[in-house]
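Please look over the following chain and its fold with me. The questions below take up one part of the fold at a time.

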Amino acid sequence: MKFYVGHGRDGAEERLQNRGVSRREFMKFCGTVAAVMGMGPAFAPKVAEALTAKRRPSVVWLHNAECTGCSESILRTVQPYIDELILDVISLDYQETIMAAAGEKAEEALHQAISAPEGFVCVIEGALPTKNGGEAGKVAGRTMLEINREVAAKAKAVIAYGTCATFGGVQAAAPNPTDAKGVNDALKAQGVNAINIAGCPPNPYNLVGTIVAYLQGKKIELDDYNRPLMFFGDSIHDKCPRLKYFENDQFAKSFGDESAKKGYCLYKLGCKGPYTYNNCPTVKFNQTNWPVEAGHPCIGCSEPNFWDEMSPFYVEK
């Protein structure tokens, strides 16, 4: 794969064709994004229009206290691959994990991106350590807290991507020695009001759908936790294909027994689907599978404080 930082902003469709992404493949992707956003197939051309605008949105992607699993989930997106599409319809001007630049050149790229007159969208991955001024997490000699305060406050829009960025994640689990916080909690003094794309990791389509809505100037309806209702409006339980077994009191008794093999409800094995809001059952990961379909209970990873409040994970709540 080749990844580019700060490349030109014109000719998205030509670049996609040069990379082997046909118009049909592109429109299929746009149709999937439209479906994830709760729109019909007729909305696909509007998605395509937003993603191939001449001026692509400049994106600055910050990493904080996390495992980088959110970036990894995007890098493993298929149909099309991330470098064939996502990086050609946005201008990813700074992303520490995949950018070629390092050291002073990386810092220069960040400065240029956040100083551009066109503005930028800031995507934040990972929780922010805040204890003692955030000394537990540093990048290039500066605390993550300091960097995020500066960058996010200048952004035209901020997206907190992943449960660590939205609610603190495992870093904020008890006893939380670094006083790790989600973006909105840590940066409220700077007036930051990020859109929260929760999940551990989140589905990449939820990020793309949010960017599309932003590019179209649509009002993004949010729930009480700043999550877009178009992705987090229904509980896992409500859309679960095993719901009929729950309603018939047919529950798996242990992993691997006959009831589990028959696909019975996993509630007695700790499934937190009734308390978790996400679109995993309908969107899946790579449009292929998701935990419950694979035989594993939902652990509630898109909910605040899930590490403490939803555990132990294999015990009925």
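Q: In which strand does Ser-91 lie?
A: This is a predicted model, in which local features need pLDDT of at least 70, side-chain atom pairs count only at pLDDT 80 or more, and totals for chains, interfaces and linings use all residues. Residues are numbered from 1 along each chain as its sequence is written, and side-chain values use heavy atoms, with hydrogens and water left out. Strands (E, at least two residues) and helices (H or I, at least four) are DSSP runs, numbered from the N terminus. On that basis, Ser-91 belongs to strand β2.

Q: Is Ser-91 buried or exposed?
A: Residues are called buried under 20% relative accessible area, exposed over 50% and partly exposed in between, with a 1.4 Å probe and protein chains only. The setting of Ser-91 is a strand, β2, in which five of the five residues are buried. Ser-91 itself has 0% relative accessibility and therefore counts as buried.

Q: What distance separates the C-alpha atoms of Ser-91 and Ser-58?
A: Strand β1 and strand β2 run parallel and are joined by four bridges, where pairing requires that DSSP finds at least two bridges between two strands. Within this pairing, Val-59 stands opposite Leu-92 of β2. Ser-91 and Ser-58 are 33 residues apart along the chain, yet their C-alpha atoms are separated by 4.7 Å.

Q: Which residue of β7 does Val-123 stand opposite?
A: Strand β3, residues 121-125, and strand β7, residues 157-161, pair in the parallel sense over five bridges. In β7, the residue opposite Val-123 is Ile-159.

Q: How are α2 and α10 oriented to each other, and why?
A: Helix α2 (residues 23-36) and helix α10 (residues 204-215) pack with their axes 9 Å apart, at an angle of about 85°. Angles under 35 degrees count as roughly parallel, over 145 as roughly antiparallel, 65 to 115 as roughly perpendicular and the rest as oblique. Helices α2 and α10 are therefore roughly perpendicular.

Q: Which residues of α10 meet those of α2?
A: Contact means heavy atoms within 4.5 Å, and from the α2 side the residues are Phe-29, Thr-32, Val-33 and Val-36. By class, the contact of α2 with α10 has six nonpolar, three polar and no charged residues, where Ala, Val, Leu, Ile, Met, Phe, Trp, Tyr, Cys and Pro count as nonpolar, Asp, Glu, Lys and Arg as charged, and the others, Gly among them, as polar. The partners in α10 are Tyr-205, Asn-206, Val-208, Gly-209 and Val-212.

Q: Where does Pro-201 lie?
A: Most residues other than glycine have a negative phi, and most peptide bonds are trans. The bond that joins Cys-200 and Pro-201, however, is a cis peptide bond with omega of about 0°. Pro-201 is located in the loop between β9 and α10.

Q: What is the relative accessible area of Asn-132?
A: Asn-132 has a positive phi of about 55°, although it is not a glycine. Asn-132 is found in the loop between β4 (128-129) and β5 (138-139). The residue is exposed, and its relative accessible area is 55%.

Notes:
Axes fitted to C-alpha atoms, helices over the stretch in contact; angles between N-to-C directions.
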